[in-house]
Amino acid sequence: MNRRQISADLCSFELTRADGPPLFRQLYLQLRSAILSRRLRSGTKLPSTRELAAQLDVSRSAAVAAYEQLLAEGYTSGRHGSGTYVSPDLPEPIDGNPQRRKEPAAAMTPAAASPLQPIGDFVDVTAQSDERPFNLGRTLLDARTVQLWRKLSARTFRSLSPSHFGYSDPRGTIELRTAICDYLQAARAVRCDPDQIVVTAGTQQAVDIVIRILPGMDKEVWVEDPGYPLTRQALLAAGATVRPIPVDRQGIDISAGMKSAPNARAVFVTPSHQFPTGVVLSMARRLELLAWAREKRAWIVEDDYASEFRYGGRPLASLQGLDEGERVIYVGTLNKALFPGLRIGYAVVPRALLRAFIAARYLMDRQPSTISQAIVAAFMEQGHFAAHIRRMRLLYRDQRDELVTALKARLGDDLTITAPDQGMHLVAFTRPGLSDAAIERAGHHHGVVVRAMSRLYVAAPPRSALVLGFSGHPRPTIIPAVERLAHAVEGLSKSRARKRSAGPKR
Ligand SMILES: Cc1ncc(COP(=O)(O)O)c(C=O)c1O
């Protein structure tokens with residue numbers, strides 16, 4: 001690896017300055033992860049601690065401490081004065097398969113992503129609990145829903161019966177499965193009956209179960225690129241070989257998928273609102289995807305998150321509803337439609353997979369909580385769910401409009417913003433020369449959480465854009481937060497201008 005590549009790799013390091021672990025530890029972990037994943041190969045010379053400190057804007061002592069730790073643990077070697085090198089005698093990746101390492105860079109295997117590396121190093125478990133605007137995946141509940149939730153919870157607790165206390169059907173209660181089935185048939189044209197529905201803790205658990213039950217040792221799967229990181233990470237953690245497939249204006253590019261991995265066992269897609277781009281999978285691509293799955297006997301996992309929140313335009317019904325060959329596993333979540341702390345979602349499972357799916361769910365944690373299911377079932381049966389969605393749709397649409405107007409007014413020269421017809425976030429492309437990752441970092445210091453879209457790409461050429469959630473942030477908080485974001489962007493432009501006027505260093 002040459003110096004430029006090393007430098008680019010170091011620039012992708014993410015250091016949390018406020019309230020994070022000590023900087024030396026973060027540096028040590030990220031260097032270790034780069035070494036273990038072979039992004040920094042054996043024998044590569046690392047930059048000096050002085051260079052590293054300057055490049056990452058950390059103190060020299062943090063860089064020295066990180067290097068000392070790597071040296072002590074044998075990840076690097078070096079003689080005083082002659083530099084630090086990635087150790088030549090690191091263990092082989094866990095699968096020890098030299099063929100694997102020759103695979104194209106676009107393939108991510110669990111070993112390539114993390115040989116000997118604990119999952120903990122590549123998953124950030126704190127990101128989603130940040131409540132600041134414009135963090136993603138957050139929802140609001142109005143007074144009416146809160147009041148109804150309290151009432152139904154109290155009623156459920158008052159009428160607890162032996163059925164609530166014992167083990168029950170691992171698929172979930174028949175009452176909840178029936179309510180979900182009625183809703184899906186009416187709202188998303190899903191073909192189902194309650195026997196095919198399995199209640200899960202959410203999308204995350206459904207994805208995990210699917211990968212566990214896929215036949216074959218080599219679980220090669222397609223994911224969208226850019227895509228939802230938690231799906232990719234769950235797949236890697238569960239042992240899949242992940243093939244990132246590019247997304248264009250029509251959604252996932254099926255021809256590219258067929259070229260990259262024609263015999264993949266499954267594909268994970270977000271057809272109604274691609275995460276993060278918001279693109280809708282075109283009808284032509286839907287048919288192409290279904291035809292490929294039928295021919296190859298592959299499975300399509302349709303993640304239909306946030307389909308409830310549609311603000312305009314004509315919705316496309318679910319992909320599952322078009323499927324004549326029972327190749328689609330439809331996955332939905334009440335953690336977005338209601339609230340993330342609920343931890344209830346569902347899968348509509350093709351009959352051929354049903355026994356395996358239920359068995360895997362049972363082995364994981366037996367069954368969903370009976371009490372939560374009873375509350376949700378009552379909420380749905382009594383028509384409160386549909387009414388809640390109608391009210392939240394109006395609320396989120398107003399928040400979306402407020403955010404779009406504020407961004408255009410304050411950052412219209414720096415960002416290109418379009419209001420999405422669906423979902424809980426929007427994408428704002430940055431003007432050339434303005435880096436989304438730099439804005440993400442600066443935003444944190446100004447109390448705003450924006451996601452750099454470029455970081456959600458794996459192999460496709462990244463586009464620089466900000467991903468901003470609007471669903472969880474009440475209207476009065478939006479303009480002040482956009483103001484803080486604008487300060488962050490202005491700060492970046494000023495520091496670039498200062499650097500330019502200072503001229504090249506001698
Ligand atoms: C693409 C996508 N799918 C699904 C979910 C919901 O996941 P869960 O049901 O596990 O909370 C999210 C939440 O952010 C998401 O962005």
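Q: What makes strand S10 and strand S11 count as paired?
A: Strands pair if DSSP finds at least two bridges between them. S10 (residues 328-333) and S11 are joined by four bridges, so they count as a pair. The two run antiparallel, and Val331 stands opposite Ala347 in S11. A strand here is a DSSP run of E with at least two residues, while a helix is a run of H or I with at least four, both numbered from the N terminus.

One note on the model: this is a predicted model, where local features need pLDDT of at least 70 and side-chain atom pairs count only at pLDDT 80 or more, while totals for chains, interfaces and linings use all residues. Residues are numbered from 1 along each chain as its sequence is written.

Q: Which other strand is joined to S11, and by how many bridges?
A: Strand S4 (residues 197-200) is joined to S11 by four bridges, in an antiparallel arrangement. Here Thr200 stands opposite Gly345.

Q: Why is Gln55 called partly exposed?
A: Gln55 has 15 C-beta neighbours inside 10 Å. That count falls between 12 and 20, so Gln55 is partly exposed. This residue lies in helix H3 (residues 49-56), and its C-alpha atom is 8.1 Å from that of Leu10, 45 residues apart along the chain.

Q: What makes S12 and S14 edge strands?
A: In an open sheet of four strands, the order is S12-S13-S15-S14, with antiparallel pairing. Strand S12 (415-417) and strand S14 (451-452) each pair on one side only.

Q: How do you know that S14 and S15 pair?
A: Two bridges link S14 with strand S15 (residues 465-469), so the required two are there. In one of these strands, S15, Val467 is the bridge partner of Arg451.

Q: Which residues are closest to the ligand?
A: The closest are Gly137, Gly202, Tyr305, Thr333 and Asn335, among 15 residues that surround the ligand. To be near, a residue needs its C-beta atom, placed from the backbone, within 6 Å. Helix H10 (203-213) and helix H14 (334-337) each give two or more residues to this shell.
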